[in-house]
Every structure is written in C-alpha cells, then in structure tokens.
Amino acid sequence: MKYIAIVGRQPEISIAEIEALFGGIKRINSRVVGFESEKLPDIDRLGGSLKIGQKIEGPTVAYMMGLPEGKITLGVSDYSKNATQKTATMEALKLKKILIRHGRSVRVVSNRDAVLSTATTLHNGMSGKNERKVELLRVNNNEWYKVVGVQDIDAYSKRDQARPARDAKVGMLPPKLAQILINLCGRLPKDAVVLDPFCGTGVVLQEAMLMGQKAYGTDINERMIEYSERNLAHYGFTDYRLAVGDATRYQWQQPIDAVACEGYLGKPFSRAPSEIEIKTQRNECGAIFMGFLKNLSGQIQSGTPVTVAMPAWLGHDGWYERLFLPKTIDEIDNMGYNVSNKSREGLLYYREGQAVARDIIILRKK
Ligand SMILES: C[S@@+](CC[C@H](N)C(=O)[O-])C[C@H]1O[C@@H](n2cnc3c(N)ncnc32)[C@H](O)[C@@H]1O
C-alpha cells in the first residue's frame, strides 16, 4: 500500500525515521516523503511525522461518494508545488459542489494556509478514525491521499507533563525524540530489550515500553535511577531493569537487542558558548562518549543497532559545532561500529537559537 508522511520541523530526522522502519523512501518534496507498507502505519509510534496519508486509487469524487451516509466534514491540504490558501480552498469548494450535486451534505474546514495545521486536523476529528471526517492531501495535480493518522500533540504534551519525577538540570528529552531514537534502530521485534545507558529520568525507557519493547536503563547518578523508577511506576510498568552504573565501564546484563540514548550533553548553556567553553565541553563529553562506545562494543552482538544523541554547540557564526567530527567517525569505526550517517551536517535536533543541539548518530555493531 502506498503512503506518504508529512514530515516535521526537522525533515531529515523524520525521513531517516521512516526509512529505518519502512525501507525505501521517495522524497516527493521538502515536506512530503513516500513509502510503502503492508500494514497501516501507526502514527502514534512515529515521533517525526505530522500526518500519514494513504493513496486514493481512482477518482477522488468516487472515493468521497463511497463514504457512509450522513454529513461529511472535508478538509483539503495542498502540498503540491506553488500551492496557496487559494488553491486549497478552490479544490475543497469544487469537491463540495460536486458532492452536493450528488445529494451529499458537506461542511468544508476553512484553510488559513495551503495546508491545515496538525491541530486543525486533530480538533476537527479528521485523523482517519471517523470515516465521514476526511482530510485530503494533494501532492500534485492528480495524486491525492487521505489522512489516516495525525500526530496527537495533546497526548505528547500530556505524557511529557504527567511524569511525577522531573529534573530541570538534566533537561527533558521530548517523548517524540525518544521515539525517533528507538525507531532509528530499525524495526524491533516485540519484547526486544532496549538499553539506555544514560537513562536520566527515563523518557527513552518509558517510550520503549509504550512501544512494546522491554526497557533496561542505567545511569551514573543514583538519583536518576530513582526518578526513572518513579516515572515508570507512574505508567504501571513493572517489567523493566534499572541499575546505577558508569557507561564507560559498566558490565550490562544480557540480552541487549538495541541501544538508544541521549548521552551526556555537557553543561547547559543559555547562550552560544565561547570557543574555549566549546573546547572544554568537547573534551569532557568526548571522553564519556568514546569511553562508553568502547565499553559497549565488546558487550553487544554483531548487527545490534545503537542510536545516540550527542551534543553540538551553537557557534558564533550561527551554526552548530559538532562533537562528532570526521576523525571521530574513524575512531568509532575502529571500535567495531558501522556509522550510518556520515553526512557533514548530521541529524541535528534543535529549537531556533538553542545553545546545545542534539546530534543523532546511527551506528550498528560490525
Ligand atoms: C542528558 S541526560 C539524559 C536525560 C534523559 N534522556 C532523560 O530523559 O531524562 C544525561 C544523563 O547521563 C548521565 N551520565 C553522565 N555521565 C555518565 C556516565 N559516565 N555514565 C552513565 N551515565 C552518565 C547523567 O546522570 C544524566 O542523567
């Protein structure tokens, strides 16, 4: 079955997530990526996608006429080249006119832009669950998709805020990004053990368990392990493993099927750090990351995926200086890992102006 994903704020990360889970992708434009899946993709497990569309085979009018009896709610998002609020509205009204002529009653959700926001789609019930509430996505002139999933922004914020143990100092990994880190490990069998050796307050562990995996968390700080414990208990989870341990020397228990973590990001800065500060951070964080990867390498089987979020610091030229330099790639390769994303830009996750970005590295044990 043919699907598209409307990608999020950091398109390259969203695309990498889709590719890791579904294989071959087709970049349609900067906001849309095509892929195939036998099963309906579950948007609640895809941290990087805003909407999922399924291809409408045949004429769109025929599809709409086949909807169950009763009033139809119709939204149109136009992702084609040169789309505007006007082109989207025109398409919606054209369709409405035809449907009315055929005796259907239709309410059109009005467009403020060429595309409807995730919130508009969600709050008008057009997430694909109600057959008569439909959002159509136009990708080019005759290619139409229907929305079969929309990112549940309300559920993500609830998950983020409901956690009883929080720590401003270690920062909170957004649940969406935790899902992405796990998904970048590829398709994992149910009950696969996901290890987070820098588990902090346990966001990766929580998301892994919500996705049907088993969670194993370690952290150097005993307080963090208590926080993870409280947060996982909050969800009623019982089947997980937690321990205090330094990731550069700890001996983990087997089995380990995948490793996903946001590692130590160094000092939190509220402004771009100076060159000297970056150098200090580079040494401090580099020693921990390299020590950890070296220690892990001997403890995981060939083929085990490892995704790590490392720091990158906002430089005074407005771009990020990565911890992950070409010479680091060679060192990691020598430790026994294949490095998947070697691009110079990397997969950076950040908010505008954020002093420390997360740089996502995807590895696989040789
Ligand atoms: C950025 S935080 C991770 C936050 C976590 N993702 C969360 O959602 O709460 C980094 C964590 O690494 C831990 N840490 C620092 N050095 C470590 C080491 N050598 N071994 C294990 N954990 C370490 C810190 O205690 C901290 O909890």
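So, the largest nonpolar core: it has 98 residues, and the members touching the most others are Ala-5, Leu-181, Val-194, Val-204, Ala-260 and Ile-360. By nonpolar core I mean buried Ala, Val, Leu, Ile, Met, Phe, Trp, Tyr and Cys residues joined through C-beta atoms within 7 Å. Buried means 20 or more other C-beta atoms within 10 Å of the residue's own, with C-beta atoms placed from the backbone. Strand β13, residues 305–314, gives this core its largest share, 7 residues; strands here are DSSP runs of E, at least two residues, numbered from the N terminus. Domain 1 and domain 2 each supply at least three residues to the core.

A quick word on the model. It is predicted, so local features need pLDDT of at least 70 and side-chain atom pairs count only at pLDDT 80 or more, while totals for chains, interfaces and linings use all residues. Numbering runs from 1 along each chain as its sequence is written.

Back to Leu-181. Leaving out residues up to four places away in sequence, Leu-181 touches Val-204, Ala-260, Thr-307, Ala-309 and Ile-360; contact means C-beta atoms within 7 Å.

Now the domains, with bounds from an automatic or database assignment: domain 1 is 2–151 and domain 2 is 154–365. Their C-alpha centres lie 33 Å apart. Where they meet, 11 residues of domain 1 contact 12 of domain 2.

Finally, the ligand. What surrounds it? There are 21 residues, the closest being Phe-198, Gly-200, Thr-201, Val-203 and Ala-247, counting a residue as near if its C-beta atom, placed from the backbone, lies within 6 Å.

Conventions: A residue is buried if 20 or more other C-beta atoms lie within 10 Å of its own, exposed if 12 or fewer, and partly exposed in between; C-beta atoms are placed from the backbone. Helices (H or I, at least four residues) and strands (E, at least two) are DSSP runs, numbered from the N terminus. Two residues are in contact if their C-beta atoms, placed from the backbone, lie within 7 Å.
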